[in-house]
Amino acid sequence: MAPPSPLVKAVKGMNDILPAEIGRWHAIEGAFHRTMQRLGYREIRTPYVEHTPLFVRTIGETTDVVEKEMYSFVHHGDPLTLRPEGTAGAVRAYVEHSVHHHEPVTRWYYLGPMFRAERPQRGRYRQFYQVGAECLGDPGPGCDAEMIDALVGFLREIGIESPDVFINSIGGPETRTRYKEALVAALTPMKDKLSPDSQRRLATNPLRILDSKHPADAEAIASAPTILDFLGDDDRAHWDELRRHLDALGTPYTVDTKLVRGLDYYTRTLFEIKGAYDKLGAGSTLLGGGRYDRMVKDLGGPDVPGIGFAAGLERLLIASNLEVSQSVVDVFVAPIGEGTKSPALVLGRDVRAAGLRCEVDTRGASLKAMLRRANALGARVCLILGDRELDEGVVELKDLAGHVQEKVARADVVARTAAVVASPPPEPPRGSEAGQ
RNA sequence: GUGGGUGUAGCUCAGCUGGUAGAGCUCCGGAUUGUGGUUCCGGCUGUCGCGGGUUCGAGCCCCGUCACUCACCCCA
C-alpha cells in the first residue's frame, strides 16, 4: 500500500459511497419517498449549517450530542454548526416561514447528511445519512399511531423482516418534573453503586440513567419508579388512545418504560424501532422518534405541537436484504476502426433517444476488450459497427444473454434493439448450475 | 473519550520454532488479422501501516505511533 498521504485520505468517519453501492441507496431512498408521499408528506431541504444556538436550545445543553459531538465553528463571528439532526432545522424553517398561517397541519419529510463527531462504528459514521419526517399541527395521538404503523410498513418494504416497535410516554413538562424528583429520590440512596456516568447524570439528566447499559446500573434501573405511573390525566388519556389506535391498526408493539431519548425536546410519545440484530450488533436501533409539543413555541413560533422521527440510512442499508440490479447500461456500441467512431456516436444517441441506457466505446480497443466491457457493464445488447457493416448499411446486433447475433439494417436497429432489451433473457443452457 | 482485536498486491487472505514475499479474484494481453461471459497461456501492481529497538539477519519478537475495526459511552 502506498504510504498514507493526507491528500488522498478521507476524513475519519466520513466515507465515499461508490457507484457499486449506490443502487441500494437509491432503492431505499426511493421506497422512503414513496412511503412518505403516500402519507401526504412533502420533501423539505434545509441547510446543512445552522446557527449553533438553534441546536443548543432545542437538543439541550447537557445532552451528549451538544456537549461533545457537534461540528461547531465560528465564521466571521457567527457561531455555526453542521447539523447533527434534522428536526431543529425543519422546525426553524416552519417558524421562519410562518407555515402555520398557510395550513393547519404540515407534513414534511427530508433526507440528507448529518454530522456528529463520534467514534465511528458499524452503521455509525461522523457524516451519516438520515431519512426523517415531521408532522406539525396535529397533537395526536392518531398522527403518532399512523406514523409508527407506516414506518413498520416501510421497513418491511425494504426487506427488514420483523421490525420491533417500542413505545413509551414521558408526558409533558409537569409529569417530567414530578417524575424526575421521584427518580432522583429513589436513586440517591444507592448513588455509590451507580456507574460514574450515571452518578453525574443524577444531577444533570436523571432520565438518561434509565437508558444505561452499564451492569452497575442494572439493579437501580430495575428498582426505579415507572414514568407511566406519573402521567397526568391528559398525558394518560393521550397514551391510552395511542395504544388503542395501534391495536386497531394491528401494529404489534412493546411498552418499554425505560425508553428515553438523548435529545431534550421530546414530550409524551416516544418510539423506537429495532431489528436485524444479527447484522447490526449493538447498534440495532433502526429508527427513533417522538413528540415535541413545545419546540415550535420555544423557538418563538406559535403553540403548535409536533412529532417526528429519524432513521439512519447506513443502518437501514445493513439491515435490509434488498437485491438490486448491477446492470449499468442496456446497450453497448462497439465501433471497429477509426472511421466508424462518428457513426457509432450517432447510433448511441439514437439508442438513448429510445430511452435505453447506452455506452459508446470510442477508446479504439479491440473487439474482444469491448465485448468484455459490454459484459461487465451488464449490457443486454452489443451493437457492433465496423467498416464492413458501414458499407452495407447494417449493424451487427449481438444479444449477449441469448448468445445470438443478427445483421440488422441501420434504419431498423433502434427498434430491434429495444425489442431485444425488453425481451426476457433466455433460459441458461442446460448443464450450467441452477442459479440461486 | 475508555477498552479489546487487526494492519502483507486494487480486493480477500496465506506466510512454519525469526533466514530480505506468495495464492485466489480483479485488471491487461494472447490462443481467435472483427466476437463477451466458460477454458488454456502469459503479464502488471508491494517502502509487509509508519518510526524506533533487539538480532549476523525482522512480515514474524519488543516499544511507540497512526489507521481500521468491534464493544462501551451515546445515538439513527
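Guide: A residue is called buried when its relative accessible area is under 20%, and exposed when that value is over 50%. By that cut-off C358, at 11% relative accessibility, counts as buried in this model, which is a predicted one.

Visitor: How many disulfides does the structure hold?

Guide: A disulfide is a covalent bond between the sulfur atoms of two cysteines. In this structure there are zero disulfides. C143 takes part in none, and the nearest cysteine sulfur to it, belonging to C135, is 3.2 Å away, whereas a disulfide needs the two sulfur atoms within 2.5 Å. C358 is likewise in no disulfide, its nearest cysteine sulfur being that of C382, 9.6 Å away. C143 is also buried, with a relative accessible area of 4%.

Visitor: In which order do the strands of the open sheet lie?

Guide: Strands of a sheet pair through backbone hydrogen bonds, either parallel or antiparallel. Here eight strands form an open sheet with mixed pairing, and reading across gives β1-β5-β6-β11-β10-β9-β7-β8. The edges are β1 (42-43) and β8 (254-255), each of which pairs on one side only. Within the sheet, β9 (residues 267-274) and β10 (residues 285-291) are paired in the antiparallel sense over six bridges, and T267 has R291 of β10 as its bridge partner. Helix α9 (residues 233-249) packs on this sheet, where it touches β7 (164-169), β8, β9 and β10, and its direction makes about 160° with that of β7.

Visitor: Which residues of helix α8 are buried?

Guide: An α-helix has 3.6 residues a turn, so residues three or four places apart point the same way. In α8 (residues 215-223) the buried residues are D217, A220 and I221. Seen down the axis of α8, they fall within an arc of 100°, so they line one face of the helix. Those buried residues pack against α6 (173-187) and α7 (196-204), while the face turned away from them carries the exposed residues P215, E219 and A222.

Visitor: How many aromatic pairs are counted?

Guide: A pair of aromatic rings is described by the distance of the centres and the angle of the planes. The count here comes to eight aromatic pairs. In one of them, the ring centres of F32 and F154 are 5.6 Å apart with the planes at 65°, so the pair is edge-to-face. This pair links distant parts of the chain, since F32 sits in helix α1 and F154 in helix α5 (residues 142-157), 122 residues apart. F32 is buried at 0% relative accessibility, and F154 is buried with a relative accessible area of 1%. Ring pairs also join F32, Y109, F154 and F309 into a cluster.

Terms used
Residues numbered from 1 in each chain as written. Chains lettered and ligands numbered in written order. Predicted model: local features only at pLDDT ≥ 70, side-chain atom pairs only at ≥ 80, totals over all residues. Heavy atoms only, no water. Buried < 20%, exposed > 50% of the residue type's maximum accessible area, 1.4 Å probe, protein only. Pairing = 2+ DSSP bridges. Helix = DSSP H or I, 4+ residues; strand = E, 2+ residues; numbered from the N terminus. Contact = heavy atoms within 4.5 Å. Axes fitted to C-alpha atoms, helices over the stretch in contact; angles between N-to-C directions. Arc of directions from axis to C-beta. Phe/Tyr/Trp six-rings, centres within 6.5 Å; stacked < 30°, edge-to-face > 60°.
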